[in-house]
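We will stop at a few places and look around at each.

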Amino acid sequence: MNYMFILIATFKIIKTKITKLQEAMGVPTSHSTKRITQPIFKVKEDASLTDSNERTLIRRRILMDSNNNDTCSFSLPYDSWMVKHPSALHSFDRLMNSAMGKRIIVFLDYDGTLSPIVNDPDRAFMSDEMRAAVREVATYFPTAIISGRSREKVKDFVKLNNLYYAGSHGMDIMAPLMAIGSSNAKHCDMNLNTKGNGVPFQPAKKFLPAIQQIVRRLENEVKDIKGARVEDNGFCLSVHFRQVQEQDYGVLEKKVKCVLEENPQFRLTEGKKVLEIRPSIEWNKGNAVEYFLDTLGLNSSTNILPLYIGDDRTDEDAFKVIKRRGQGYPILVSSIPRETNAFYSLRDPSEVLIFLTKLAKWMKSSSIPKPCP
């Protein structure tokens, strides 16, 4: 009996030490796969969370977690994944320490990052709080939204003028009004017209007539599949099937591939409950990141720190670019473990909101001079 008591006590001590080590590393801990009742963020114990707005956001996040068993059920696989891709919130101070003396550039996806994933793509609205956070971040750092949506549509969702937009997975870019010190003269030519006004950079412009034909053909092909929807994103198109009955998935995919076979200059990719048709050119969100850095005059700079936050497979192209450059931090938005090139993670848009709020607050309270626009 004494032996069993000593064994149990030893096990508890070891478990406690492992938990403390995980917390020190910024890794969320999990004692079981049951619902966690203790909040992840202990507001009273964190001296850095002195801003009332930030505390409100975190309390709201805790309340969401307590009312959502799926969100609160941290499984061991997710915890193991978090060791390799730790929370950008828990690691915030470490990230900002490495940013001291460097120029931060912020890149953001839209759907699933700034807004929740919803059944109706036309109702993927961002909250007023998120809009305010993005607006404030953009006052301190060059900020661009790179989305698979059309550039006009994503700008209509965001409703902000103090940042840059790229639609169609980077194939429709409205870059800075002036190409500041660009190392590539052709970007200057494409970026400025004779009056000095910004004009879009559209590397897939020659495909527009064919895209419009494909849109009309697909709309006709899928009209009898309940819940299927074709979205024209300008230089690419999406076939949404989030509201399609599972037994109709195969039929829908067959129809889309049939149309694609007649247009070999296009390729098919798959996102979250969406099939996407894009021109077969070497251009993606990673190229868009490099383009923005170039037109900002920062592509060859060794003193920058790009942050890219996104949740989609297409964001992996941007993650790879940042990883290859050896500068900055790609951050994946995901509540489940998955293969990624990201260094850090955030669970969902509510954590993105907290991160952006902390970023703006850090810059506002920092002694680093505000960068020129």
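**Before you start.** This is a predicted model, in which local features need pLDDT of at least 70 and side-chain atom pairs count only at pLDDT 80 or more, while totals for chains, interfaces and linings use all residues. Residues are numbered from 1 along each chain as its sequence is written, and side-chain values use heavy atoms, with hydrogens and water left out.

**Stop 1: the whole chain.** Select everything. The chain has 13 helices and 11 strands; these are DSSP runs numbered from the N terminus (helices H or I, at least four residues; strands E, at least two). Of its 373 residues, 49% count as buried, meaning under 20% relative accessible area with a 1.4 Å probe, protein chains only.

**Stop 2: the seven-stranded sheet.** Now find the open sheet with the order β4-β3-β2-β1-β9-β10-β11 and mixed pairing. Two strands pair if DSSP finds at least two bridges between them. Zoom in on β3 (residues 164-167): three bridges join β3 to β4, and the two run antiparallel. Here Ala-166 stands opposite Ile-173 of β4. Next, select 151-158, helix α7, which packs on this sheet and touches β2, β3 and β4; touching, or contact, means heavy atoms within 4.5 Å. Then select 349-365: helix α13 also packs on the sheet, touching β1, β9, β10 and β11.

**Stop 3: the four-stranded sheet.** Which order do the strands of this open sheet have? They run β5-β6-β8-β7, with antiparallel pairing. β5 (229-232) and β7 (266-271) stand at the edges with a single partner strand each, so one side of each has no neighbour in the sheet. Select 237-240 and 274-279 to see β6 and β8, joined by four bridges. The bridge partner of Ser-238 is Glu-276 in β8.

**Stop 4: two crossing helices.** Finally, select 285-295 (α11) and 316-325 (α12), whose axes come within 6 Å and cross at roughly 55°. Axes are lines fitted to C-alpha atoms over the stretch in contact, and angles run from 0 to 180 degrees between N-to-C directions. Show side chains for the contact: among them are Val-289 and Leu-293 of α11 and Ala-318 and Val-321 of α12.

Conventions:
Buried means under 20% relative accessible area, exposed over 50%, partly exposed in between (1.4 Å probe, protein chains only).
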